[in-house]
Amino acid sequence: MMKLRLSAVTLRAMRMRMRAPFTTSFGTEWDKDFILVEVKDAEGRSGWGEAVAMKAPLYNEETVGTVWLMLKEFLIPLLWHQPPGHPQEVAGLFRHIRRNYMAKAALEGALWDLYAMAENVPLYRALGGERTVIDVGISLGIESSVDKLLAQVEKYVAAGYKRIKIKVKPGWDVDIVAAVRRRFPAIQLMVDANSAYTLADSARLAALDEYNLMMIEQPLAHDDIIDHAVLQKQLKTPICLDESIHSVEDARKALELDSGRIINIKIGRVGGLTEAKAIHDLCVGKGVPVWCGGMLESGVGRAHNVAITTLAGFTLPGDTAASNRYWEEDLIEPEVTVHDGVIHVPDRPGIGYALCREKIDKYTLYSKTFRPEAR
Ligand code: OSB
Ligand code: MG
């Protein structure tokens, strides 16, 4: 097996304006701030990764600033000290550094892309993916009125999206779901609470059982798997865990407790592609369905999501929608497109989409290159 021969890592702080603001139970985002990682090898090839941490520590504890710091101070230096031969070794190299999953995932993802480029294979093939067409769902933010939400649902159902996810929070939940269900009796529908509830709200959450939802995503605390198990016993609807799962060990414990019956896998939240695949493998072994979550990624992170979704256990539509659902122009060519509710996975080496340097430069706030000798 080839050995990665790294020559440089470049970090870029990026800012891209979204086509529309996105509101969850923890706030509204207009601008998407994120970090792009480019790793270069001695042959001049590049691999790309995206850190999905948000500007503020609201979804998890990481931020754009902490990701930059962790990469600069700890993760990039580890690469120079113990150069990995294969991207599968990177998670092990980073293991003694606590948490900081999104920082680790961005660098590990860039190394996976670089490796696939060097091997001249698509990243999805390098990961063991099989599917060449993947089902797509969409995540719709909280709106200022039910009519506005219904219009959004209508638009994306008409565009062919295979399942609709609605963000909920206390006061924007049962009535909203009832209204959407009344208008769209047959669509695949689910909700995501981003931890906005506690067990004191269990009657309200149980009221959602009436609406034939595919699942209720992360109703309770971001760090909980105990109360979720209590709640799951009171619900017919499966609970899907998002924020609570950072590793294959977290997933094992949650499934043993029956804290949820579906897992949303986000590459960034679990520290990279290797761990994401391990969680997928565990779930396949237990017959637990998984799907790929999203963090409003640019084309780089989106391409990684497409690649992991090709693994056989990703049996439910994910949140990785088309580029134009988020961006006027994306960083990749071609952009990710959705037709009839599916994405056709590109059969080109690496992430399978070309990076557009001009667009990357246009949205770069500042950048810094690290080299082995600059240690
Ligand atoms: O909980 O899945 C989530 C966006 C930002 C932070 C958390 C979440 C989300 C989404 C949007 O639901 C998914 C996407 O369209 O990328
Ligand atoms: Mg979620």
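Tutor: P334 sits in the loop between β12 (332-333) and β13 (342-344). The peptide bond that joins E333 to P334 is cis, with omega at about -5°. Keep in mind that this is a predicted model.

Two further backbone points concern phi. L296 is not a glycine, yet its phi is positive, near 55°. This residue belongs to the loop between β11 (290-292) and α11 (299-309), and its relative accessibility of 11% is under 20%, so L296 counts as buried. D258, also a residue other than glycine, has a positive phi of about 60°. Its place is the loop between α9 and β10 (262-265). With a relative accessible area of 25%, D258 is partly exposed.

Which residues come nearest to ligand 1? Of the 16 residues around ligand 1, they are S139, K167, N194, L296 and Y326. Sorted by class, this shell holds eight charged, five nonpolar and three polar residues.

In S139, a side-chain N or O atom is 2.9 Å from an oxygen atom of the ligand. For K266 the corresponding distance, again from a side-chain N or O atom to a ligand oxygen, is 3.0 Å. For D242 it is 3.1 Å, also between an N or O atom of the side chain and an oxygen of ligand 1. On its own, ligand 1 has 390 Å² of accessible area, and the protein covers 99% of that.

What coordinates the magnesium ion (ligand 2)? The donors are D192 (OD), E217 (OE) and D242 (OD), at 2.1 to 2.3 Å. Their spacing along the sequence is D-x24-E-x24-D. D192 lies in strand β7 (residues 189-192), while D242 lies in the loop between β9 (239-241) and α9 (248-257), so this pair ties together parts that are 50 residues apart in sequence. D192 and D242 are both buried.

How many does a search of the whole structure find? The search finds zero disulfides. A disulfide is a covalent bond between the sulfur atoms of two cysteines. The cysteine sulfur closest to that of C240 belongs to C283, and at 9.9 Å it is too far away for a bond. C240 is buried, because its relative accessibility is 0%. The value for C283 is 0% as well, so C283 counts as buried.

D33 is placed in strand β2 (residues 27-41), and its relative accessible area of 7% makes it buried. D33 and M14 are 19 residues apart in sequence, while their C-alpha atoms are 5.6 Å apart in space.

To return to the ligands, D242 both coordinates the magnesium ion and has a side-chain N or O atom 3.1 Å from an oxygen of ligand 1.

Note on methods: Residues numbered from 1 in each chain as written. Chains lettered and ligands numbered in written order. Predicted model: local features only at pLDDT ≥ 70, side-chain atom pairs only at ≥ 80, totals over all residues. Heavy atoms only, no water. Donors = N, O, S within 2.8 Å, 3.2 Å for Na, K, Ca; no water. Helix = DSSP H or I, 4+ residues; strand = E, 2+ residues; numbered from the N terminus. Buried < 20%, exposed > 50% of the residue type's maximum accessible area, 1.4 Å probe, protein only. Near = heavy atom within 4 Å. Polar contact = N/O pair within 3.5 Å; in protein donor to acceptor, adjacent residues only side chain to side chain. Areas by Shrake-Rupley, 256 points an atom, 1.4 Å probe, with all protein chains shown as cover. Nonpolar A, V, L, I, M, F, W, Y, C, P; charged D, E, K, R; others polar. Disulfide = S-S within 2.5 Å.
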